[in-house]
Amino acid sequence: MNPGKMKALNLPFKYHFKAESTMRRICFLIVCLLPVASFSQDINERIDSLRKVLSQQQTDTAKARLLALLGSTYRSVEIDSSNFYLESALRLFRKNEISKEEAGLLCDIGFNKVTAGDFPEALRYLNQSLQISQKSKLSDNIRRAYFYLGHLYNHLEDYKTSLEYRRKVYQLDLSNKLNTSVNRRETNIIYMASMFSKLGLIDSASFYLSKVTDSIPFRSPEYIDMISGPMSLVLLYMERYDSAIIMSKRGVSEAYRRGNIREAGLSLVQSAEAYHA
């Protein structure tokens, strides 16, 4: 890929929808105007139900688990509220010295901090989670911490470090000690391919992507939608524009279904870039 195209496809987190980019502004606004009332209603009903159950709990452990569930439910609609409930749960688990739950919540809050753009705090929470997980030999949470650290360094545009964490996850998955689902394994492989693409290592990106694409015809539509965002990015770097258009369109639909308007906008921009190319 020539430097001009590489610069044009420097996706996804370098897009800021600048005024001079009319196409991107229009795409983003279109997605923002999509109706999301039904999604919001479902979430609000679930939150109301969880709050009612929470008010009936007596033990710290039961309260903490419901607070954590509320935090997870709020994640797709309001990050600050999500962090409030997750941190409330974290205090109760720490009070009762339940390290496994503590490590998991630190991971969840760290991921929220990545989403909110608070990268120093994200790193602090994720490193705390990793330290507790390694000390207590919580293999599954070690994997989660590595995976989220990969996300963090991708946002920081430190693709080499991001790739290092993706490889750590890959090695854990190859060991078969965690009984990691195929979906989770392949999702990490796609993110690995994405990092190789951003580093200009297209052959390596293609090699790892082939480990996933061979199985796609046999996978559920829900899974394909889930991985369509990062996969469309890799396809763009590989100049497979027709395939990138198909996957980015699915990325828009999946992000919209989950109520993530920003992600839907980014997927739509990737689709526009593919058309332009």
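**Figure 1. Surroundings of Arg-143 in the predicted model.** In this predicted model, Arg-143 touches Val-169, Leu-172, Asp-173, Leu-178, Thr-180, Arg-184, Arg-185 and Asn-188, with residues up to four places away in sequence not counted. Arg-143 itself is found in helix α8. Its relative accessible area is 3%, so Arg-143 is buried, the limit for that class being under 20%. Between Arg-143 and Tyr-170 the C-alpha to C-alpha distance is 9.1 Å, and the two are 27 residues apart in sequence.

**Figure 2. The salt bridge between Arg-184 and Asp-140.** Arg-184, one of the residues touched by Arg-143, forms a salt bridge with Asp-140, in which the closest N and O atoms are 3.5 Å apart. This pair links distant parts of the chain, as Arg-184 belongs to helix α10 (residues 182-198) and Asp-140 to helix α8, 44 residues apart. Arg-184 counts as partly exposed, at 31% relative accessibility. Asp-140 also counts as partly exposed, at 35% relative accessibility.

**Figure 3. The salt bridge between Arg-144 and Asp-108.** The side chains of Asp-108 and Arg-144 meet in a salt bridge with an N to O distance of 2.3 Å. Because Arg-144 lies in helix α8 and Asp-108 in helix α6, the pair ties together parts that are 36 residues apart in sequence. Arg-144 counts as buried at 19% relative accessibility, and Asp-108 counts as buried at 11%. A network of salt bridges links Arg-75, Asp-108 and Arg-144.

**Figure 4. Lining of the second largest pocket.** The volume of the second largest pocket is about 190 Å³. Its lining consists of Ala-68, Ser-72, Lys-100, Glu-101, Gly-104, Leu-105, Asp-108, Leu-138, Asp-140, Asn-141 and Arg-144. Two or more lining residues come from each of α4 (60-74), α6 (99-116) and α8 (139-155). Helix α6 gives the largest share, five residues. Sorted by class, the lining has five charged, three polar and three nonpolar residues. Asp-108 and Arg-144, whose side chains meet in a salt bridge, both belong to this lining. Asp-140, the salt-bridge partner of Arg-184, is also among the lining residues.

**Figure 5. The largest nonpolar core and the contacts of Leu-67.** The largest nonpolar core has 23 residues, and those with the most contacts inside it are Leu-67, Leu-70, Ala-89 and Leu-105. At least two residues of this core are supplied by each of α3 (37-54), α4, α5 (79-95), α6 and α7 (119-136). Another core lies apart from it and has 16 residues, including Tyr-159, Tyr-170, Ala-193 and Met-195. With its neighbours within four places in sequence left aside, Leu-67 is in contact with Leu-54, Tyr-85, Leu-86, Ser-88, Ala-89 and Leu-92. Leu-105, named above among the core residues with the most contacts, also lines the second largest pocket.

**Figure 6. The salt bridge between Asp-60 and Lys-95.** The count of salt bridges in the model comes to seven. In one of them, Asp-60 pairs with Lys-95, the closest N and O atoms being 3.1 Å apart. Distant parts of the chain are linked by this pair, with Asp-60 in helix α4 and Lys-95 in helix α5, 35 residues apart. Lys-95 has a relative accessible area of 60% and is therefore exposed, the class for values over 50%.

Methods
Residues are numbered from 1 along each chain as its sequence is written. This is a predicted model: local features need pLDDT of at least 70, side-chain atom pairs count only at pLDDT 80 or more; totals for chains, interfaces and linings use all residues. Side-chain values use heavy atoms; hydrogens and water are left out. On a 1 Å grid over the protein atoms alone, a cavity is a set of points where a 1.4 Å probe fits but cannot get out, and a pocket is an open set with protein on both sides within 12 Å along at least five of seven lines; lining residues have an atom within 4 Å of a point. Grid points are joined across faces, edges and corners, and a volume is the space filled by probe spheres set on the points. Helices (H or I, at least four residues) and strands (E, at least two) are DSSP runs, numbered from the N terminus. Ala, Val, Leu, Ile, Met, Phe, Trp, Tyr, Cys and Pro count as nonpolar, Asp, Glu, Lys and Arg as charged, and the others, Gly among them, as polar. A nonpolar core is a set of buried Ala, Val, Leu, Ile, Met, Phe, Trp, Tyr and Cys residues joined through side-chain atoms within 4.5 Å. Buried means under 20% relative accessible area, exposed over 50%, partly exposed in between (1.4 Å probe, protein chains only). Contact means heavy atoms within 4.5 Å. A salt bridge is a side-chain nitrogen of Lys or Arg within 4 Å of a carboxyl oxygen of Asp or Glu.
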